[in-house]
Amino acid sequence: VLGGICSARSVGGGNSVGYLFLRLDDLNEKLTGAGFNQMPTGMLAWGGYGLGEIGDGKWSIGGVGMGGSAKSPATDDDDPKTATLDIGYGGILVQYNAWSSDKASLGLGAVLGAGTTTLTTKRGSIDSFDELLGEDGNTASLWRPYLMVQPQASITFPVSVFADVRITGGYSFFYAPIGWIDGMNFRNPIDNGPLKTMGMPFIEVGIAFGAPTL
């Protein structure tokens, strides 16, 4: 009822849920070559954001963070194999407030930040705690740090005096300055693995709470 009579707030923050359209051709090639199934083509992600206007209100600055996980289907054999990819990232958002009215506002911006990706493989299953500690322990994991640039556009709708709904779409580009890392062994990164770069479109829906614009 109040959404039509209030404008998007000048300062606010909240939670969001998104969907990443994964493009993992080089990783999938490695997985299938080792007898694993491919990763899915998308990933659900959860996070949050905060944004506040500066100066005359034409620009806003804030921060965002998102994270999600995707898992390849288990193989159909005696020792089923799965791979899990975890992605997390965050950064500073700078936005140009291109247009606004009392019913909606449009923002054009970019996120500059960093993130990590962790790839974990699992073979077979563990049936007891003793197997976990013994020779049957059957998981391995590597992770990789990334720099990230994310151009995006968002449209925001006020739904009450104190809350906005924000729909954002864009493209996330990740670049890894070093290779895959085992634990904290930074001295010996593995440079010949996949995902040196990642690029993926995304869409995100969030709800922000804050003081109404005066």
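This is a predicted model: local features need pLDDT of at least 70, side-chain atom pairs count only at pLDDT 80 or more; totals for chains, interfaces and linings use all residues.
Local features were taken at pLDDT of at least 70 and side-chain atom pairs at pLDDT 80 or more, while totals for chains, interfaces and linings use all residues. Residues are numbered from 1 along each chain as its sequence is written, and side-chain values use heavy atoms, without hydrogens and water.

Ala-110 sits in strand S5, residues 105-123. Strands (E, at least two residues) and helices (H or I, at least four) are DSSP runs, numbered from the N terminus. Ala-110 has a relative accessible area of 27%, so this residue is partly exposed. Buried means under 20% relative accessible area, exposed means over 50%, and partly exposed lies in between (1.4 Å probe, protein chains only). Val-94 is 16 residues away from Ala-110 along the chain, yet their C-alpha atoms are 5.7 Å apart. Leaving out residues up to four places away in sequence, Ala-110 touches Ile-92, Leu-93, Val-94, Gln-150 and Pro-151. Contact here means heavy atoms within 4.5 Å.

Gln-152 belongs to strand S6, residues 139-158. Gln-152 is buried because its relative accessible area is 9%. Its contacts, not counting residues up to four places away in sequence, include Leu-93, Gly-107, Arg-166 and Phe-202. The Gln-152 side chain also makes a polar contact with the side chain of Gln-150, at 2.9 Å. A polar contact is a pair of N or O atoms within 3.5 Å; within protein, one must be able to donate a hydrogen and the other to accept it, and residues adjacent in sequence count only if both atoms are side-chain atoms.

The second largest pocket is lined by 16 residues. A pocket is an open set of points on a 1 Å grid over the protein atoms alone, where a 1.4 Å probe fits, with protein on both sides within 12 Å along at least five of seven lines; lining residues have an atom within 4 Å of a point. Nearest the centre of this pocket lie Leu-27, Leu-119, Thr-121, Leu-142 and Pro-194. Helix H1 (25-33), S5 and S6 each give at least two residues to the lining.

One salt bridge was found in a search of the whole structure. The term means a side-chain nitrogen of Lys or Arg within 4 Å of a carboxyl oxygen of Asp or Glu. The side chains of Asp-77 and Lys-81 form this bridge, at 3.2 Å from N to O. Asp-77 is partly exposed, at 35% relative accessibility. Lys-81 has a relative accessible area of 12%, so Lys-81 is buried.
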